[in-house]
Amino acid sequence: GPGRAEMYAGLQELGVANGEDLKETLTNCTEPLKAIEQFQTENGVLLPSLQYALPFLDLHGTPRLEFHQSVFDELREKLLERVSAIALEGKVEERYKKLEDLLEKSFSLVKMPSIQPVVMCVMKHLPKVPEKKLKLVMADKDLYKACAVEVKRQIWQDNQALFGDEVSPLLKQYILEKENILFSNDISFLQNFFSPSPKTRRQGEVVQKLTQMIGKNVKLYDMVLQFLRTLFLRTRNVHYCTLRAELLMSLHDLEISEICTVDPCHKFTWCLDACIREKFVDNKRARELQGFLDGVKKGQEQVLGDLSMILCDPFAINTLALSTIRHLQDLIGQDTLPRESPDLLLLLRMLSLGQGAWDMIDSQVFKEPKMEAELITRFLPLLMSFVVDDHTFTVDQKLPSEEKGPIPYPSTIPEAFTKFLQENRIACEIGLYYILHITKQRNKNAFLRLLPALVETFSDLAFSDIFLHLLTGNLTLLSDEFALEEFCTSLFDGFFLTACSRKENVHRHVLRLLLHLHHKVAPAKLESLQKALEPTKQSGEAVKELYNQLSEKLELRKPSPAEVTETPSMELPLPTVPTPASR
């Protein structure tokens, strides 16, 4: 417990006797018992009725300390209630005057554990604690810790570094949580990174804590946004953009108008949030979003930096990309070209703004990125032609075949498609979402046709965690294809293994996929994959851990030697199955 000096800290300044005074009295007196009695009388609870009650308690063996303690606790509760009441009654100036006087009187006892709660309560209810007191609290670790968040906000708003120290571990935790979801061992096309609704995500621990720390304080809100911008610039990590939007919408949920009305992105984010909830941008909301973008006035272009960060949130990109794929399908049905669809053009405009966030904030040049005409006149029609190829093939399969035999599925990719994926960020993003779309449709032919284009993409987007997380989830729908040598060779040798050695995250995603689907893979292929995926000295802990889990699973699958020898020769598998490579 606290030291004796600590327990009575500050009593002397108030002219209240403490343990040291009693010690002194006893050291310098001739009749200790009389001195003790006198001390008790002078410093006891001054109630006439107690004069008779205390000896009665003594008879019952109740220590005086226990009695005084319970009286004290009772009084402290009453005092705390009174302070909270004062904070709500009378004219504003008067009530704060009362509280300030009370703080002046009680602050010297702030180190006394028994009185501290009262002092803290007074400060909590003061919108402006005197600067001098704040400095004293700040200088003392324990006092600072014991402070209510209302007081800490007053300290933080003038101490960015201290506030940064408090916020920093929360931001680290947030990023870690996101990465844990992306690398989770549960792989499913039903539940993925984008499944939780925006409302659910905002209930997360970090968002709630930050919301609580900010309260209604615009200055603190601005500081957090500044931290997020700086970290996004330093790391290019898009999860900071998600947090930027979640924080604003969390304050919106609580109807904190003090902040929402001054954040120029509020209405835009609110509208986009509704689209993210539906995973689709409908026409009415599209008009609304366009209104915000067109409404950016001369001299206020800086707001584009904030809007771009909101649009760079992976949940926003996901919604915009899914909506784009849906629009393209509708256009085919209507025989319309991409350039004739204003809704599609708006989606592309927002994708461009989101994808350009980092460059805009980095360069501080606030203007919308120029849309490349070729994206609309050449790339999107190319994607539409792939959809048409699928229709044609499906129809052909159903027609009675003449002598000419079945028409094979187109296997080549137009060179322009590959080039677009390498050189144009927006084209690459949409192309990847198209590949996710055909995988989800279990369209193996289209998937194998386009897969080679993913080996080299703009800024290695096809090897990014979000795409690989979604792809591995969708591939579970094609699980039966993993028994086929050709499919595995295209997927593993042709795509995943090209990057495994240079990209730790790809190594992890392949291992995740195999942990989930190993029982579907042909044994010979599994064996060669196990060799290819063996961790190197440079591999991180996560890779080694996953590899060990996989090896354990494969060990369990091997038949015991006894079973193998007992198989009669007649029932050996037919030679069409590739034989396992000899060890």
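Is helix H15 largely enclosed by the rest of the structure or left open, and how many of its 15 residues are buried? The count is 14 of the 15, so H15 is largely enclosed by the rest of the structure. Welcome to this predicted model, a chain with 32 helices and zero strands. Of its 583 residues, 44% are buried. Here is a friendly tour, topic by topic.

**The chain as a whole**

- Among the contacts in the chain with a separation of 6 or more, 72% are between residues 24 or more positions apart.
- The largest nonpolar core holds 157 residues.
- Within that core, the members that touch the most other members are Phe379, Phe447, Phe482, Leu491, Phe492, Phe495 and Phe496.
- As background, nonpolar side chains tend to be buried together in soluble globular proteins.
- Phe379, one of those core residues, is in contact with Glu374, Phe417, Phe420, Leu421, Ala427, Ile430 and Gly431, once its neighbours within four places in sequence are left aside.

**Helix H15 and what comes after it**

- H15 covers residues 239-253 and has 15 residues.
- From its first C-alpha to its last, H15 reaches 21 Å, close to the 21 Å expected at 1.5 Å a residue.
- Glu255 follows H15 and has a positive phi, near 55°.

**Thr269 in helix H17**

- Thr269 sits in helix H17, which spans residues 266-278.
- With 3% relative accessibility, under the 20% cut-off, Thr269 counts as buried.
- Setting aside neighbours within four places in sequence, the contacts of Thr269 are Ala245, Leu248, Met249 and Ile310.

- Arg326 has its place in helix H20, residues 314-334.
- Is Arg326 buried or partly exposed? Its relative accessibility is 45%, so Arg326 counts as partly exposed.
- Arg326 and His437 are 111 residues apart along the chain, and their C-alpha atoms are separated by 9.8 Å.
- The loop between H20 and H21 includes Asp335, which has a positive phi of about 55° although it is not a glycine.
- Asp335 counts as exposed, at 74% relative accessibility.
- Leu337 is also placed in the loop between H20 and H21, and at 36% relative accessibility it counts as partly exposed.

**Helix H21**

- H21 runs over residues 342-355, has 14 residues and reaches 20 Å from its first C-alpha to its last.
- That reach is close to the 20 Å expected at 1.5 Å a residue.
- How many of the 14 residues of H21 are buried? The number is 12, and H21 is mostly covered.
- The buried residues of H21 include Asp343, Arg349 and Gln355, along with Leu344, Leu346, Leu347 and Leu348.
- Met350, Leu351, Ser352, Leu353 and Gly354 are also among the buried residues of H21.

- Arg449 is found in helix H26 and is buried, with a relative accessible area of 8%.
- Which residues are in contact with Arg449, leaving aside its neighbours within four places in sequence? They are Phe386, Asp389, Tyr409, Pro410, Ser411, Thr412, Ile413 and Pro414.
- Asp460 lies in the loop between helix H26 (444-450) and helix H27 (465-475).
- Asp460 is not a glycine, yet its phi is positive, at about 55°.

**Where H28 meets H29**

- Two packed helices are described by the angle between their axes and the distance between the axes.
- For H28 (residues 485-500) and H29 (residues 504-517), the axes come within 7 Å and cross at roughly 140°.
- H28 and H29 are therefore oblique to each other.
- On the H28 side, the meeting residues are Leu491, Phe492, Phe496, Ala499 and Cys500.
- On the H29 side, they are Glu504, Val506, His507, Val510, Leu513 and Leu514.
- The residues of this contact of H28 with H29 divide into nine nonpolar, one polar and one charged.
- Leu491, Phe492 and Phe496 of H28 take part in this meeting and are also among the residues that touch the most other members of the largest nonpolar core.

Conventions. Residues numbered from 1 in each chain as written. Predicted model: local features only at pLDDT ≥ 70, side-chain atom pairs only at ≥ 80, totals over all residues. Heavy atoms only, no water. Core = buried A, V, L, I, M, F, W, Y, C linked by side-chain atoms within 4.5 Å. Buried < 20%, exposed > 50% of the residue type's maximum accessible area, 1.4 Å probe, protein only. Contact = heavy atoms within 4.5 Å. Axes fitted to C-alpha atoms, helices over the stretch in contact; angles between N-to-C directions. Helix = DSSP H or I, 4+ residues; strand = E, 2+ residues; numbered from the N terminus. Parallel < 35°, antiparallel > 145°, perpendicular 65-115°, else oblique. Nonpolar A, V, L, I, M, F, W, Y, C, P; charged D, E, K, R; others polar. Expected span 1.5 Å × (residues − 1).
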